[in-house]
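I set out to look up a few features of one chain and to record each finding in turn. My entries follow below.

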Amino acid sequence: MRPVGFRNFLLLASSLLFAGLSAVPQSFSPSLRSGPGAACRLSRAESERRCRAPGQPPGGALCHGRGRCDCGVCICHVSEPGVYFGPLCECHEWMCETYDGSTCAGHGACDCGKCRCDGGWSGDACQYPKTCDLTKKQSNQMCKNSQDIICSNAGTCHCGRCKCDNSDGNGLVYGKFCECDDRECIDDETEEICGGHGKCYCGNCYCQAGWHGDKCEFQCDITPWESKRRCTSPDGRVCSNRGICVCGECSCHDVDPTGDWGDIHGDTCECDERDCKAVYDRYSDDFCSGHGQCNCGRCDCKVGWYGKKCEHPRSCPLSAEESIKKCQGSSALPCSGRGKCECGECTCYPPGGSRVYGKTCECDDRRCEDLDGVVCGGHGTCSCGRCVCGRGWFGKLCQHPRKCNLTEEQSRSLCESADGVLCSGKGSCHCGKCICSAEEWYISGEFCDCDDRDCDKHDGLICTGNGICSCGNCECWDGWNGNACEIWLGTEYP
């Protein structure tokens, strides 16, 4: 028989154990796994039910879409900035409302996504004082936006603070002065914010890569990198910092939208016609002081005038006709189309350069370079725009070796185009490379498959003489731009 004291000890221990168990919340359950790595004792349906918010139907988001369900228990994770917590990952420390840049307006604490306001304050962001010592005039003055409009006509003023109109409870109108209206971002057809392809900030859509439009409703057929490349100006700036790039095309910020062409234009917004006016006036056509032509924001002065805006007269004993004739020489164009004629003398482009020279700019050593800038293929020297090839090499750019280590069969296989025709039927094959017919000067390309007549012309010259025609497209030399390389973007003329 046990002593009475021992029985009393057992009774006391039993009562303490019972009291402890009764204090455990009803939601508490012992481990649902028999050991680490063991199978879950719950069925999949029961496990997911415990991870789903009350009232949600089967198939609804588990753990509020912010975590994973592990045997009826939510393990929260981060898919956006902030920290998720709570039994069902329902809380987010960054989800509380802000006012004037401060969470809970600095008058409360963030508790599971909701502001718990300090005494004397109320509102979703604890922004409204319960007692107001301001006059109505003072209150309204504090509620005016930069245009002196009370709450941007999108809310009402309460003690110097705007309460935005959100009768439907979606919170799309917000801001210190109710200046942001995200309803502007709703696509009329899909009724989604930014068409479901972007995010809305203060009424403006910021589209995901590959989408564009006011409401991200259009999809690009090129990659973002290709789009940026097409919009990059020669100086390396996207749309010359004068426009926005939309799917590989620049939309220039033109200050005069009434014009047919506009003051700011060009494929990459590189041209600003305002630079040609002595005093800018959007209603005036007085370009280059009336003594020249505006070419992509730079004045091309008439004979007898000079200066950045052609504002200075230049005395010249020659008439305009005599001056041009002297600059022409044997060429069809003054200064061979590669320079500027002033009083019978040529200034070759680019100014200060050494590759274009001669009395009438007839020598252009750039013609000795390939697309990579290699002079005469590295196998010759350039003399007045023509390659003088070294021993063992020939061709316009000294690109063909006279000796060949290939068999005729190997050579022909390298000269066949995709359709199996040798040099597209417009040239001969030498050592695996096509030599295009000299009789048809306009035939070019690796397989003689290009027609240089497709390149744009200006003043009757292909690529204006300021670039290389590469399979129908002008590859402009440094300082030049435009479809026909007709726009000079380099330094000022001397």
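**Entry 1: annotated spans.** How far apart are the end C-alpha atoms of residues 185-216, and how much of the span is helix and how much strand? I note at the outset that the model is predicted. I found the end C-alpha atoms 9 Å apart, with 0% helix and 31% strand in the span. I then turned to the UniProt record, an unreviewed entry, which lists residues 185-216 under "domain: Epidermal growth factor-like". The record gives that name also to residues 96-126, 285-310, 368-398 and 455-485. I looked up residues 455-485 as well: this span is 0% helix and 45% strand, and its end C-alpha atoms lie 10 Å apart.

**Entry 2: a hairpin.** I examined strand 31 (residues 380-383) and strand 32 (residues 386-389), which pair in the antiparallel sense over four bridges. Within this pairing, Cys382 has Cys387 of strand 32 as its bridge partner. The two strands form a hairpin with two residues between them. In the turn, Cys384 has a positive phi of about 50°.

**Entry 3: two further positive phi values.** Glu191 is not a glycine, yet its phi is positive, at about 60°. I located Glu191 in the loop between strand 14 (180-181) and strand 15 (198-201). Cys361, also not a glycine, has a positive phi of about 55°. Its loop runs between strand 29 (356-357) and strand 30 (363-364).

Is Glu191 buried or exposed? The relative accessible area of Glu191 is 65%, and the cut-off for exposed is over 50%, so Glu191 counts as exposed. For Cys361 the relative accessible area is 0%, which is under 20%, so Cys361 counts as buried.

**Entry 4: the largest nonpolar core.** Which residues make up the largest nonpolar core? I listed eight: Tyr349, Cys455, Cys463, Cys469, Cys474, Trp480, Cys485 and Trp488. I followed one of them, Cys469, and set aside residues up to four places away in sequence; Cys469 then touches Asp452, Cys455, Ile462 and Cys463.

**Entry 5: Arg412.** I found Arg412 in helix 6 (residues 408-415). Its relative accessibility is 39%, which lies between 20% and 50%, so Arg412 counts as partly exposed. Not counting residues up to four places away in sequence, Arg412 touches Leu422 and Cys429. I also noted that Arg412 and His430 are 18 residues apart in sequence, and that their C-alpha atoms are 8.2 Å apart in space.

Definitions and conventions. Residues numbered from 1 in each chain as written. Predicted model: local features only at pLDDT ≥ 70, side-chain atom pairs only at ≥ 80, totals over all residues. Heavy atoms only, no water. UniProt positions renumbered as here; feature names shortened; annotations may be inferred. Pairing = 2+ DSSP bridges. Buried < 20%, exposed > 50% of the residue type's maximum accessible area, 1.4 Å probe, protein only. Core = buried A, V, L, I, M, F, W, Y, C linked by side-chain atoms within 4.5 Å. Contact = heavy atoms within 4.5 Å.
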